[in-house]
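Have a look at the structure first, then read on.

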Amino acid sequence: MTASLGSLNITNSHEADPSVLHIWGGHPLQGQVKISGAKNAALVIMAGSLLCPEPCRLRNVPSLVDAIRMGQVLSALGVDLQWNGDVLDINARDITTSEAPYELVSQLRASFFAIGPILARLGEAHVPLPGGCAIGARPVDIHVRGLQALGANVYIEHGMVHASVPGRDRRLKGAKFYLDYPSVGATETLMMAATLADGETILDNVAQEPEVIDLANFCNALGARIRGAGTKTIVIEGVPRLHTADYPIIPDRIEAGTFLVAGAISRSDISLYPVISDHLTPVISKLKQTGAQIIAEGPDRLRVIGPDIIQATDIETLPYPGFPTDMQAQFMALLTVSNGDSLISETVFENRLRHVAELNRMGADIRVKGHTAIVRGVPTLTGAPVMATDLRASAALAIAALAAQGKTTIQGLQHLDRGYENLDLKLQQLGVRIKREPAPPESEANSTAIQSSQSALK
């Protein structure tokens, strides 16, 4: 199966994107950039559409590889999808199977969240354990125990999660469940499952991310009865059936944060729209500590003015409303050229510091001790061939390249395309000298990588 969306083309494989991104740094940005719909909201809301037996329309859906993959998962389940720009029409009237395909779910962690709505709709679900970026263990035990609390029989065998609802009506039952950790995925999975359950469900210690609120608002637009999203307790009064809705996805706070950092590191003056400033509170706070000016130009527009001297600051990633782990790599890139030393503590994902080696290849001075990175600011970075290790690391390398002297070549663009819609084109519109082109022959690429590795060790 091959799917296409905009300029993206992917197949059901783990092959790396054969293209590379060249960025020539040292030039200020100017102008304005349009922020796309939130990736993490769009993916789970696409999964949530499985709850509804009537057609739904989603607006502001970003053109991303991950969105294509989620669409492939839905199509494999029998759902009809029609794309028209950033508008997606979904008809999940006929779900023809309760089993999600391994080759798709293994590439996209968010597709695992379909287990909740499939189980709620059909009374059974068979979904492979999820894949995605290799940034650390993200177990599904909270999902499993939550579904069991709602009355499902759940077991894992040969990499597949099997869930079924006993009884003649095959309907989940409302229950009270406490999440040991405020997992976004578990919160969303259980909220969707409880939407069609018999009775009231109370979920305690849940995730409070804006994407959770967006999912709740979408479900309520379908006729669900959910309250408390955005707080530590969500209450769901189950309903027997949902109806059609036309729903817009919120702007992507991580893309907005990425462009704010891009403006700061390049000492530029740029504007972003549309944004929801409240979703960016910890990011804006830390940017101000570095010396950047963040100005609200309107209800959904922000302006960033980069500082002449970037000040060091410490960061600790935490669940929302704390500093987002999805902005850690981008801020590390910013702090590599700051005045002073910074401590960055990653408390959410244990393997999310792999971009350190690539930033050091560009002349950064970063040491890692456990889950903490010590960043000693340097006067400038230098362009180098680098490899993206995950989605946000790819954005961090692009940001670092903006402040580097000379040309930076980024490989591993399959990560970038998963979460950023046309990042290269948006940077180009801001005045960045940037070019995406096919990668050189394998022998030449390997030679370049070896040479750069040897240089980094000198």
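Does Lys39 count as buried or exposed? With 7% relative accessibility, Lys39 counts as buried (under 20% relative accessible area; exposed is over 50% and partly exposed in between, with a 1.4 Å probe and protein chains only).

## Ground rules

This is a predicted model, where local features need pLDDT of at least 70 and side-chain atom pairs count only at pLDDT 80 or more, while totals for chains, interfaces and linings use all residues. Residues are numbered from 1 along each chain as its sequence is written, and side-chain values use heavy atoms, leaving out hydrogens and water.

## The annotated pair

UniProt, in an unreviewed entry, lists Lys39 and Asn40 under "binding site"; such annotations may be inferred rather than shown by experiment, and the positions follow the numbering used here, with feature names shortened. Lys39 sits in helix α1, residues 39-48, and Asn40 is in helix α1 too. (Helices are DSSP runs of H or I with at least four residues, numbered from the N terminus.)

Setting aside neighbours within four places in sequence, Lys39 is in contact (heavy atoms within 4.5 Å) with Pro62, Leu64, Asp66, Asp252, Leu391, Arg392, Arg418 and Gly419. Asn40 counts as partly exposed because its relative accessibility is 29%. Beyond residues up to four places away in sequence, Asn40 touches Glu211, Asp326 and Arg392.

## Ser111 in its loop

Now over to Ser111, in the loop between α3 (102-105) and α4 (115-122). Ser111 counts as buried because its relative accessibility is 0%. A polar atom of the Ser111 side chain lies 2.5 Å from the backbone oxygen of Leu108.

## Enclosed space

Rolling a probe the size of a water molecule over the atoms shows where empty space is left. Here there are three cavities of 30 Å³ or more. A cavity is a set of points, on a 1 Å grid over the protein atoms alone, where a 1.4 Å probe fits but cannot get out; lining residues have an atom within 4 Å of a point. The largest cavity holds about 50 Å³, the volume being the space filled by probe spheres set on the points.

Who lines the largest cavity? Thr258, Phe259, Ala262, Ala395, Ala398, Ile399, Leu402, Leu423 and Leu427. At least two lining residues come from each of α8 (253-265), α12 (391-403) and α14 (423-429), with α12 giving the largest share, four residues. The lining divides into eight nonpolar residues, one polar and no charged.

Technical notes
On a 1 Å grid over the protein atoms alone, a cavity is a set of points where a 1.4 Å probe fits but cannot get out, and a pocket is an open set with protein on both sides within 12 Å along at least five of seven lines; lining residues have an atom within 4 Å of a point. Ala, Val, Leu, Ile, Met, Phe, Trp, Tyr, Cys and Pro count as nonpolar, Asp, Glu, Lys and Arg as charged, and the others, Gly among them, as polar. A polar contact is a pair of N or O atoms within 3.5 Å; within protein, one must be able to donate a hydrogen and the other to accept it, and residues adjacent in sequence count only if both atoms are side-chain atoms.
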